[in-house]
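Good morning. Please have the sequence and the structure open while I talk.

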Amino acid sequence: GGFRVAWNAVPPTTCRPLQSTTTSTSCAAGPTVFTDDCGQFATATDRYRNNEDCAWKIQRPSGGVTLTKARFDVEYKADCSWDYLIIYDGTSTSGTKLGKYCGSGTTC
């Protein structure tokens with residue numbers, strides 16, 4: 001299980017997101033902030049730890065971002081109350097929730 005998220009700037013840039021990957025190994029230090037025009041991040045292994053609560057923030061100095069792919073494989077429950085990936089549009093979890101995902105799949 002785990003996930004991988006990739007993004008690109010709006011308007012798009014000439015960078016290649018698949019060439020800049022950050023692998024998350026720990027979530028204890030609070031949200032990891034990305035300011036690059038494009039990139040991707042992923043869980044460190046195919047298995048994430050029990051009770052892990054992670055946050056990643058993609059924030060550019062100007063302009064926005066487009067998620068180009070979000071692939072996930074986490075434990076499924078019909079109401080997504082166990083393991084899930086939530087995507088927000090905004091500067092915090094107070095922003096608009098774009099989706100909550102559990103189980104296996106791809107979005108974007």
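Before I come to the pocket, a word on the term: a pocket is an open set of grid points where a 1.4 Å probe fits, with protein on both sides within 12 Å along at least five of seven lines. What you see is a predicted model.

So, how much space lies in the largest pocket? About 1300 Å³. Its lining is made up of 37 residues, and those closest to the centre are C54, A55, W56, I86 and Y88. The largest share, five residues, comes from β7. Sorted by class, the lining has 19 nonpolar, eleven polar and seven charged residues.

Next, the confidence of the prediction. The chain has a mean pLDDT of 78, and 79% of its residues reach 70 or more. Which elements mark the two ends of the range? Strand β2, residues 21–24, has the lowest mean pLDDT, at 57, while strand β8, residues 96–101, has the highest, at 90.

Now the disulfide. In general, a disulfide is a covalent bond between the sulfur atoms of two cysteines. The structure holds one. The cysteines in it are C80 and C102, with 2.1 Å from S to S. The angle about the S-S bond is -70°, and the link is left-handed. Where do the two cysteines lie? C80 is in the loop between β6 and β7, and C102 is in the loop between β8 and β9 (104–107), so the bond ties together parts that are 22 residues apart in sequence. Both C80 and C102 are buried.

Last, the aromatic rings. A pair of rings is described by the distance of the centres and the angle of the planes. How many aromatic pairs does a search of the whole structure find? Two. One is W7 with F34: the centres are 5.2 Å apart, the planes are at 50°, and the pair is tilted. W7 sits in strand β1 and F34 in strand β3 (residues 32–34), 27 residues apart, so this pair links distant parts of the chain. W7 and F34 are both buried.

The other pair is F72 with Y101: the ring centres are 5.4 Å apart and the planes are at 40°, so this pair is tilted too. F72 belongs to strand β6 and Y101 to strand β8, so the pair ties together parts 29 residues apart in sequence. Is F72 buried or exposed? F72 has a relative accessible area of 7%, and buried means under 20%, so F72 is buried.

Definitions and conventions: Residues numbered from 1 in each chain as written. Predicted model: local features only at pLDDT ≥ 70, side-chain atom pairs only at ≥ 80, totals over all residues. Heavy atoms only, no water. pLDDT = per-residue confidence, 0-100. Helix = DSSP H or I, 4+ residues; strand = E, 2+ residues; numbered from the N terminus. 1 Å grid on protein atoms, 1.4 Å probe; cavity = no way out; pocket = protein on both sides within 12 Å on 5 of 7 lines; lining within 4 Å. Points joined across faces, edges and corners; volume = space filled by probe spheres on them. Nonpolar A, V, L, I, M, F, W, Y, C, P; charged D, E, K, R; others polar. Disulfide = S-S within 2.5 Å. Buried < 20%, exposed > 50% of the residue type's maximum accessible area, 1.4 Å probe, protein only. Phe/Tyr/Trp six-rings, centres within 6.5 Å; stacked < 30°, edge-to-face > 60°.
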